[in-house]
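Here is a short tour of one protein model. Look at the sequence and the structure first, then read on.

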Amino acid sequence: KARITGDWKIEQVLSNGSDQTSAYNTFVGASYVMSIKKDGTYSSTGNFSDNGTWKFSSDKTQIITKSNSTGSTENTSTITKLKNKELWIKETSNGVTTEVHYKQ
């Protein structure tokens, strides 16, 4: 939990292996920050400000978020890297795999 908590900024976004960082930053806002707290809550700021809850999957390979704005819908992302000040997550939807690399 200690490694995942903190304020995260997008460093790179890959969509099916293609760098989409610039387009993504335009979409969510270049000032986008996701704040993950130890108490199991998160918030994000930018073009799509949000807040809600988060938890690890039972084997701690995934992070499961539930936005307060969408109610009971959970979003599951696979953690591909979690180091001190570095978080990579991956999601696949409609045949598109998106990997987001964050830095603290």
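Which residues does Ser67 touch, not counting residues up to four places away in sequence? They are Tyr42, Asp50, Asn51, Gly52 and Thr73. Touching, or contact, means heavy atoms within 4.5 Å.

The model is predicted, so to read it: local features need pLDDT of at least 70, side-chain atom pairs count only at pLDDT 80 or more, and totals for chains, interfaces and linings use all residues. Residues are numbered from 1 along each chain as its sequence is written, and side-chain values use heavy atoms, with hydrogens and water left out.

Ser67 sits in strand 6 (residues 62-67). Strands (E, at least two residues) and helices (H or I, at least four) are DSSP runs, numbered from the N terminus. Ser67 counts as buried because its relative accessibility is 9%. Buried means under 20% relative accessible area, exposed over 50%, and partly exposed in between (1.4 Å probe, protein chains only).

The side chain of Ser67 makes polar contacts, as the table shows. A polar contact is a pair of N or O atoms within 3.5 Å; within protein, one must be able to donate a hydrogen and the other to accept it, and residues adjacent in sequence count only if both atoms are side-chain atoms.

| Side-chain pair | Polar contact |
|---|---|
| Ser67 and Asp50 | 2.7 Å |
| Ser67 and Ser69 | 2.7 Å |

Ser44 lies in strand 4. Ser44 is buried because its relative accessibility is 6%. Leaving out residues up to four places away in sequence, Ser44 touches Tyr32, Val33, Met34, Ser49 and Asp50.

**The core**

The largest nonpolar core has 17 residues. Such a core is a set of buried Ala, Val, Leu, Ile, Met, Phe, Trp, Tyr and Cys residues joined through side-chain atoms within 4.5 Å. Ile4, Ile36, Leu87 and Tyr102 have the most contacts inside this core. Strand 1 (6-15), strand 3 (33-36), strand 5 (50-56), strand 8 (86-93) and strand 9 (96-103) each supply at least two of its residues. Strand 1 gives the most, with three.

**The pocket**

Which residues lie nearest the centre of the largest pocket? They are Tyr24, Tyr32, Asn75, Glu91 and Tyr102, among 29 lining residues. Strand 8 gives the most to this lining, with six residues.

How values were computed:
On a 1 Å grid over the protein atoms alone, a cavity is a set of points where a 1.4 Å probe fits but cannot get out, and a pocket is an open set with protein on both sides within 12 Å along at least five of seven lines; lining residues have an atom within 4 Å of a point.
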